[in-house]
Amino acid sequence: MKVLVFIELRDGKIKSSAHEALTVGAKLAGGAANLAAVLVGQASAGLAGQLAGWGADTIYAADSTDLALYNIQTFSGAVEAAIKAFSPNVVLGVASPMGRDLFPRLAARMNGAILTDLTAIEASGNGISGTKPMYSGKCLAEVATDGSVISFATIRQNVFPANKSGNGNATVTPVSAPAADGKIKTIEIRKGKSAKPDLTEASVIISGGRAMGNADNFKVLVECADVIGATVGASRAAVDSGYASHEMQVGQTGKTVNPNLYIACGISGSIQHMAGMRTSKIIVAVNTDKEAPIFGIASYGIVGDLFQVVPLLTQKFKALLK
Ligand SMILES: Cc1cc2nc3c(=O)[nH]c(=O)nc-3n(C[C@H](O)[C@H](O)[C@H](O)COP(=O)(O)OP(=O)(O)OC[C@H]3O[C@@H](n4cnc5c(N)ncnc54)[C@H](O)[C@@H]3O)c2cc1C
(Lines give C-alpha, C1' and ligand atoms only; values in the text may rest on other atoms or scores of the structure.)
Protein backbone atom coordinates (compact mmCIF):
# COMPACT_ATOMS: atom_id res chain seq x y z
CA MET A 1 0.00 0.00 0.00
CA LYS A 2 1.07 3.62 -0.51
CA VAL A 3 1.65 5.61 2.66
CA LEU A 4 2.23 9.34 3.09
CA VAL A 5 3.63 10.45 6.46
CA PHE A 6 3.08 13.99 7.76
CA ILE A 7 6.34 15.21 9.37
CA GLU A 8 5.63 17.59 12.23
CA LEU A 9 8.11 20.38 12.94
CA ARG A 10 8.64 22.33 16.11
CA ASP A 11 10.82 25.44 16.24
CA GLY A 12 12.09 24.62 12.76
CA LYS A 13 13.22 21.10 13.73
CA ILE A 14 11.77 17.68 12.94
CA LYS A 15 9.97 16.32 16.01
CA SER A 16 11.33 12.97 17.20
CA SER A 17 7.82 11.48 17.04
CA ALA A 18 7.88 12.00 13.24
CA HIS A 19 10.51 9.24 13.12
CA GLU A 20 8.10 6.93 14.95
CA ALA A 21 5.45 7.66 12.29
CA LEU A 22 7.99 7.08 9.49
CA THR A 23 8.98 3.72 11.00
CA VAL A 24 5.32 2.65 11.17
CA GLY A 25 4.79 4.03 7.65
CA ALA A 26 7.77 2.06 6.28
CA LYS A 27 6.35 -1.17 7.72
CA LEU A 28 2.88 -0.54 6.27
CA ALA A 29 4.27 0.49 2.86
CA GLY A 30 6.63 -2.47 2.61
CA GLY A 31 9.14 -0.58 0.44
CA ALA A 32 10.62 2.87 -0.05
CA ALA A 33 8.83 3.42 -3.38
CA ASN A 34 5.49 3.20 -1.58
CA LEU A 35 6.46 5.58 1.22
CA ALA A 36 6.51 9.38 1.00
CA ALA A 37 6.79 12.11 3.60
CA VAL A 38 5.43 15.65 3.60
CA LEU A 39 7.14 18.56 5.36
CA VAL A 40 5.22 21.80 5.85
CA GLY A 41 6.73 25.02 7.19
CA GLN A 42 9.07 27.90 6.58
CA ALA A 43 12.52 26.60 5.49
CA SER A 44 11.17 23.02 5.62
CA ALA A 45 12.75 21.96 2.30
CA GLY A 46 16.18 22.33 3.90
CA LEU A 47 15.22 19.67 6.44
CA ALA A 48 14.40 17.05 3.82
CA GLY A 49 17.97 15.73 3.85
CA GLN A 50 17.52 14.77 7.50
CA LEU A 51 14.84 12.31 6.42
CA ALA A 52 17.27 10.35 4.25
CA GLY A 53 17.56 6.84 5.64
CA TRP A 54 14.07 6.83 7.11
CA GLY A 55 12.59 4.72 4.34
CA ALA A 56 10.84 7.22 2.05
CA ASP A 57 11.88 7.68 -1.59
CA THR A 58 9.88 10.87 -2.00
CA ILE A 59 9.76 13.90 0.26
CA TYR A 60 7.19 16.60 -0.50
CA ALA A 61 8.05 20.00 0.92
CA ALA A 62 5.72 22.99 1.23
CA ASP A 63 8.24 25.68 2.06
CA SER A 64 7.10 29.28 2.37
CA THR A 65 7.31 32.20 4.79
CA ASP A 66 3.47 32.04 4.94
CA LEU A 67 3.89 28.68 6.69
CA ALA A 68 6.06 30.00 9.53
CA LEU A 69 3.23 29.48 12.05
CA TYR A 70 0.80 26.55 12.09
CA ASN A 71 -2.51 27.43 10.46
CA ILE A 72 -5.10 24.73 9.84
CA GLN A 73 -6.11 26.20 6.46
CA THR A 74 -2.67 26.52 4.91
CA PHE A 75 -1.28 23.32 6.46
CA SER A 76 -4.23 21.18 5.40
CA GLY A 77 -3.98 22.69 1.91
CA ALA A 78 -0.29 21.79 1.70
CA VAL A 79 -0.84 18.19 2.85
CA GLU A 80 -3.75 17.91 0.42
CA ALA A 81 -1.42 18.97 -2.41
CA ALA A 82 1.00 16.17 -1.43
CA ILE A 83 -1.89 13.68 -1.24
CA LYS A 84 -2.98 14.64 -4.75
CA ALA A 85 0.59 14.24 -6.02
CA PHE A 86 1.26 10.84 -4.36
CA SER A 87 -2.25 9.24 -4.22
CA PRO A 88 -1.63 7.29 -0.99
CA ASN A 89 -3.96 4.69 0.50
CA VAL A 90 -3.01 5.87 3.99
CA VAL A 91 -1.94 9.24 5.42
CA LEU A 92 -0.18 8.82 8.74
CA GLY A 93 0.70 11.26 11.51
CA VAL A 94 1.05 11.54 15.26
CA ALA A 95 -1.75 12.16 17.78
CA SER A 96 -0.08 15.38 18.94
CA PRO A 97 -2.12 18.57 19.40
CA MET A 98 -1.28 19.47 15.78
CA GLY A 99 -2.16 16.01 14.48
CA ARG A 100 -5.45 16.08 16.39
CA ASP A 101 -6.33 19.35 14.70
CA LEU A 102 -5.08 18.59 11.22
CA PHE A 103 -6.09 14.98 10.54
CA PRO A 104 -9.86 15.18 11.15
CA ARG A 105 -10.04 18.24 8.89
CA LEU A 106 -8.08 16.46 6.14
CA ALA A 107 -10.28 13.37 6.44
CA ALA A 108 -13.43 15.49 6.17
CA ARG A 109 -12.10 17.51 3.22
CA MET A 110 -11.09 14.39 1.31
CA ASN A 111 -14.09 12.21 2.24
CA GLY A 112 -11.70 9.80 3.91
CA ALA A 113 -11.92 7.46 6.89
CA ILE A 114 -10.00 8.25 10.08
CA LEU A 115 -8.58 6.28 13.02
CA THR A 116 -6.94 8.30 15.78
CA ASP A 117 -4.54 7.78 18.69
CA LEU A 118 -3.67 4.20 17.71
CA THR A 119 -1.41 2.10 19.93
CA ALA A 120 -1.22 -0.72 17.36
CA ILE A 121 -1.61 -0.55 13.59
CA GLU A 122 -1.33 -2.87 10.60
CA ALA A 123 -2.25 -3.03 6.95
CA SER A 124 -5.57 -4.62 6.13
CA GLY A 125 -6.09 -4.80 2.35
CA ASN A 126 -5.97 -1.19 1.16
CA GLY A 127 -7.08 0.00 4.59
CA ILE A 128 -5.70 -0.29 8.10
CA SER A 129 -6.69 -1.92 11.35
CA GLY A 130 -5.51 -1.00 14.80
CA THR A 131 -6.10 -0.60 18.51
CA LYS A 132 -7.38 2.58 20.13
CA PRO A 133 -7.68 3.14 23.90
CA MET A 134 -11.16 4.45 24.72
CA TYR A 135 -13.14 5.60 27.76
CA SER A 136 -10.06 6.97 29.52
CA GLY A 137 -8.09 3.85 28.71
CA LYS A 138 -10.59 1.52 30.39
CA CYS A 139 -11.10 -0.45 27.19
CA LEU A 140 -9.18 -1.03 23.98
CA ALA A 141 -11.23 -0.80 20.78
CA GLU A 142 -10.25 -2.78 17.69
CA VAL A 143 -10.86 -0.40 14.78
CA ALA A 144 -10.43 -0.66 11.01
CA THR A 145 -10.99 1.12 7.72
CA ASP A 146 -12.13 -0.92 4.72
CA GLY A 147 -9.82 0.72 2.19
CA SER A 148 -12.66 1.85 -0.09
CA VAL A 149 -11.64 5.48 0.56
CA ILE A 150 -8.37 7.08 1.63
CA SER A 151 -7.50 6.30 5.29
CA PHE A 152 -6.10 8.83 7.74
CA ALA A 153 -4.50 7.67 10.97
CA THR A 154 -2.67 9.13 13.93
CA ILE A 155 -0.51 7.05 16.24
CA ARG A 156 0.09 7.70 19.94
CA GLN A 157 3.50 9.21 20.67
CA ASN A 158 6.21 7.14 22.39
CA VAL A 159 4.44 3.82 21.71
CA PHE A 160 6.20 2.75 18.52
CA PRO A 161 9.99 2.46 18.16
CA ALA A 162 11.84 4.67 15.68
CA ASN A 163 14.17 2.70 13.38
CA LYS A 164 15.91 3.81 10.23
CA SER A 165 15.37 1.81 7.04
CA GLY A 166 16.00 2.10 3.30
CA ASN A 167 19.03 3.19 1.34
CA GLY A 168 19.04 6.86 2.27
CA ASN A 169 18.16 8.32 -1.13
CA ALA A 170 15.18 10.63 -1.32
CA THR A 171 13.91 13.03 -3.97
CA VAL A 172 12.52 16.34 -2.77
CA THR A 173 9.44 17.56 -4.64
CA PRO A 174 8.03 21.00 -3.85
CA VAL A 175 4.30 21.36 -3.26
CA SER A 176 2.50 24.62 -2.69
CA ALA A 177 0.06 25.54 0.03
CA PRO A 178 -2.95 27.68 -0.91
CA ALA A 179 -2.75 31.29 0.20
CA ALA A 180 -4.50 31.91 3.52
CA ASP A 181 -7.86 33.63 3.01
CA GLY A 182 -7.43 35.48 6.29
CA LYS A 183 -10.47 33.88 7.95
CA ILE A 184 -8.13 32.10 10.36
CA LYS A 185 -4.92 33.81 11.42
CA THR A 186 -2.33 32.40 13.81
CA ILE A 187 -1.13 35.47 15.66
CA GLU A 188 1.36 33.91 18.03
CA ILE A 189 2.42 30.52 19.38
CA ARG A 190 3.46 30.76 23.01
CA LYS A 191 6.05 28.29 24.18
CA GLY A 192 5.99 26.59 27.56
CA LYS A 193 8.62 27.81 29.99
CA SER A 194 10.40 24.51 30.53
CA ALA A 195 13.62 23.72 28.66
CA LYS A 196 12.97 19.99 29.28
CA PRO A 197 11.22 17.82 26.65
CA ASP A 198 7.46 18.28 26.56
CA LEU A 199 5.60 15.75 28.72
CA THR A 200 4.21 14.04 25.61
CA GLU A 201 7.75 13.34 24.37
CA ALA A 202 9.56 12.76 27.67
CA SER A 203 10.98 9.32 28.34
CA VAL A 204 11.09 9.94 32.11
CA ILE A 205 8.44 11.88 34.07
CA ILE A 206 8.14 12.65 37.77
CA SER A 207 4.71 14.03 38.74
CA GLY A 208 3.31 15.56 41.90
CA GLY A 209 -0.24 15.62 43.18
CA ARG A 210 -2.29 17.45 45.78
CA ALA A 211 0.10 16.19 48.47
CA MET A 212 2.76 18.63 47.19
CA GLY A 213 0.95 21.23 49.31
CA ASN A 214 2.25 24.30 47.48
CA ALA A 215 4.16 25.39 44.36
CA ASP A 216 7.44 25.79 46.22
CA ASN A 217 7.46 22.15 47.29
CA PHE A 218 7.67 21.10 43.64
CA LYS A 219 11.39 21.87 43.90
CA VAL A 220 11.77 18.46 45.57
CA LEU A 221 10.63 16.92 42.28
CA VAL A 222 12.62 19.37 40.13
CA GLU A 223 15.84 18.41 41.96
CA CYS A 224 15.19 14.73 41.29
CA ALA A 225 14.15 15.47 37.69
CA ASP A 226 17.42 17.33 37.05
CA VAL A 227 19.43 14.29 38.12
CA ILE A 228 17.55 11.74 35.99
CA GLY A 229 16.69 14.02 33.05
CA ALA A 230 12.97 13.85 33.76
CA THR A 231 10.18 16.28 32.89
CA VAL A 232 7.99 17.32 35.83
CA GLY A 233 4.23 16.70 35.57
CA ALA A 234 1.27 17.18 37.89
CA SER A 235 -2.21 15.92 38.69
CA ARG A 236 -5.19 18.14 38.08
CA ALA A 237 -5.63 18.63 41.82
CA ALA A 238 -2.12 20.15 41.94
CA VAL A 239 -2.86 22.33 38.89
CA ASP A 240 -6.27 23.47 40.16
CA SER A 241 -4.71 24.32 43.53
CA GLY A 242 -2.20 26.57 41.76
CA TYR A 243 0.84 24.44 42.64
CA ALA A 244 1.68 23.68 39.00
CA SER A 245 0.93 25.19 35.60
CA HIS A 246 -1.73 23.77 33.29
CA GLU A 247 0.82 22.58 30.69
CA MET A 248 2.11 20.18 33.37
CA GLN A 249 -1.23 18.39 33.81
CA VAL A 250 -1.32 14.69 33.00
CA GLY A 251 -4.64 12.95 32.48
CA GLN A 252 -7.96 12.94 30.72
CA THR A 253 -8.15 16.72 30.50
CA GLY A 254 -4.38 17.14 30.48
CA LYS A 255 -1.70 15.41 28.44
CA THR A 256 -1.51 11.75 27.50
CA VAL A 257 2.00 10.55 28.25
CA ASN A 258 3.79 7.30 27.57
CA PRO A 259 7.28 7.48 29.09
CA ASN A 260 9.62 4.60 29.90
CA LEU A 261 9.41 5.64 33.56
CA TYR A 262 6.61 7.54 35.34
CA ILE A 263 7.11 8.39 39.03
CA ALA A 264 3.83 9.45 40.68
CA CYS A 265 4.35 11.29 43.99
CA GLY A 266 1.40 12.00 46.27
CA ILE A 267 -1.08 11.15 43.51
CA SER A 268 -4.02 8.90 44.49
CA GLY A 269 -4.58 7.44 41.02
CA SER A 270 -8.00 8.67 39.95
CA ILE A 271 -9.47 7.23 36.76
CA GLN A 272 -8.93 10.61 35.08
CA HIS A 273 -5.24 10.78 36.03
CA MET A 274 -4.57 7.18 35.05
CA ALA A 275 -6.24 7.81 31.67
CA GLY A 276 -3.23 9.93 30.78
CA MET A 277 -0.37 7.77 32.09
CA ARG A 278 -1.45 4.15 32.51
CA THR A 279 0.41 3.03 29.35
CA SER A 280 3.75 4.21 30.82
CA LYS A 281 6.22 1.33 30.62
CA ILE A 282 7.31 1.40 34.28
CA ILE A 283 5.24 3.17 36.95
CA VAL A 284 6.62 3.96 40.39
CA ALA A 285 4.18 5.30 42.99
CA VAL A 286 5.08 7.06 46.23
CA ASN A 287 2.10 7.45 48.55
CA THR A 288 1.46 7.43 52.30
CA ASP A 289 -1.76 5.45 51.82
CA LYS A 290 -1.08 1.81 50.99
CA GLU A 291 -4.66 1.49 49.70
CA ALA A 292 -4.23 4.29 47.12
CA PRO A 293 -5.53 3.11 43.70
CA ILE A 294 -2.29 4.16 41.99
CA PHE A 295 -0.63 1.09 43.57
CA GLY A 296 -3.04 -1.05 41.51
CA ILE A 297 -1.21 -0.12 38.30
CA ALA A 298 2.26 0.60 39.72
CA SER A 299 5.19 -1.63 38.77
CA TYR A 300 6.89 -0.57 42.04
CA GLY A 301 5.20 1.01 45.04
CA ILE A 302 6.76 2.92 47.93
CA VAL A 303 4.50 3.50 50.93
CA GLY A 304 5.91 6.61 52.54
CA ASP A 305 6.04 10.38 52.74
CA LEU A 306 7.17 11.80 49.43
CA PHE A 307 9.10 14.57 51.19
CA GLN A 308 11.31 11.88 52.75
CA VAL A 309 11.31 9.35 49.92
CA VAL A 310 11.99 11.63 46.92
CA PRO A 311 15.15 13.29 48.39
CA LEU A 312 16.44 9.78 49.21
CA LEU A 313 15.75 8.68 45.63
CA THR A 314 17.53 11.79 44.34
CA GLN A 315 20.60 10.98 46.47
CA LYS A 316 20.63 7.37 45.23
CA PHE A 317 20.20 8.42 41.58
CA LYS A 318 23.05 10.95 41.98
CA ALA A 319 25.34 8.26 43.37
CA LEU A 320 24.39 5.80 40.63
CA LEU A 321 24.69 8.25 37.75
CA LYS A 322 27.88 10.10 38.68
C1 LIG B 1 -14.05 15.48 33.95
C2 LIG B 1 -12.86 15.35 34.83
C3 LIG B 1 -11.59 15.41 34.25
C4 LIG B 1 -10.45 15.28 35.04
N5 LIG B 1 -9.22 15.31 34.44
C6 LIG B 1 -8.12 15.09 35.21
C7 LIG B 1 -6.82 15.03 34.63
O8 LIG B 1 -6.63 15.26 33.42
N9 LIG B 1 -5.77 14.77 35.40
C10 LIG B 1 -5.89 14.53 36.77
O11 LIG B 1 -4.88 14.30 37.43
N12 LIG B 1 -7.11 14.60 37.34
C13 LIG B 1 -8.22 14.89 36.61
N14 LIG B 1 -9.42 14.98 37.22
C15 LIG B 1 -9.46 15.01 38.69
C16 LIG B 1 -9.43 13.64 39.34
O17 LIG B 1 -10.74 13.13 39.46
C18 LIG B 1 -8.81 13.74 40.75
O19 LIG B 1 -9.53 14.66 41.52
C20 LIG B 1 -7.33 14.15 40.75
O21 LIG B 1 -6.62 13.36 39.83
C22 LIG B 1 -6.77 13.94 42.15
O23 LIG B 1 -5.45 14.41 42.15
P24 LIG B 1 -4.43 13.87 43.26
O25 LIG B 1 -4.25 12.43 43.08
O26 LIG B 1 -3.23 14.75 43.18
O27 LIG B 1 -5.14 14.25 44.62
P28 LIG B 1 -5.83 13.27 45.76
O29 LIG B 1 -6.80 12.40 45.08
O30 LIG B 1 -6.27 14.21 46.77
O31 LIG B 1 -4.61 12.39 46.20
C32 LIG B 1 -3.55 12.86 46.96
C33 LIG B 1 -2.75 11.62 47.37
O34 LIG B 1 -1.59 12.01 48.06
C35 LIG B 1 -1.33 11.10 49.11
N36 LIG B 1 -0.49 11.80 50.09
C37 LIG B 1 -0.81 12.76 50.97
N38 LIG B 1 0.28 13.22 51.60
C39 LIG B 1 1.35 12.53 51.11
C40 LIG B 1 2.74 12.59 51.32
N41 LIG B 1 3.28 13.45 52.19
N42 LIG B 1 3.54 11.73 50.63
C43 LIG B 1 3.00 10.85 49.74
N44 LIG B 1 1.68 10.76 49.48
C45 LIG B 1 0.86 11.62 50.15
C46 LIG B 1 -2.70 10.72 49.63
O47 LIG B 1 -2.66 9.47 50.28
C48 LIG B 1 -3.50 10.69 48.32
O49 LIG B 1 -3.50 9.39 47.77
C50 LIG B 1 -10.58 15.11 36.45
C51 LIG B 1 -11.85 15.06 37.02
C52 LIG B 1 -12.97 15.18 36.23
C53 LIG B 1 -14.33 15.10 36.86
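A residue is called buried if 20 or more other C-beta atoms lie within 10 Å of its own, exposed if 12 or fewer do, and partly exposed in between, with C-beta atoms placed from the backbone. Helices (H or I, at least four residues) and strands (E, at least two) are DSSP runs, numbered from the N terminus.

This model is predicted: local features need pLDDT of at least 70, side-chain atom pairs count only at pLDDT 80 or more, and totals for chains, interfaces and linings use all residues. Residue numbers start from 1 along each chain as its sequence is written.

In helix α4 (residues 219–228), Val220, Leu221, Cys224 and Ala225 are the buried residues. They lie on the same side of α4 because they cover an arc of only 130° around the axis, the arc being that of the directions from the helix axis to the C-beta atoms. An α-helix has 3.6 residues a turn, so residues three or four places apart point the same way.

The elements below are among those that cover the buried residues of α4; contact requires C-beta atoms, placed from the backbone, within 7 Å.

| Strand | Residues |
|---|---|
| β13 | 204–208 |
| β14 | 231–234 |
| β15 | 261–265 |

Helix α7 is also included in this cover. Lys318 is placed in α7, which spans residues 306–321. Lys318 counts as partly exposed because it has 14 C-beta neighbours inside 10 Å. Its C-alpha atom is 8.2 Å from that of Ile228, although Lys318 and Ile228 are 90 residues apart along the chain. After α4 comes Gly229, with a positive phi near 70°.

How values were computed: Two residues are in contact if their C-beta atoms, placed from the backbone, lie within 7 Å.
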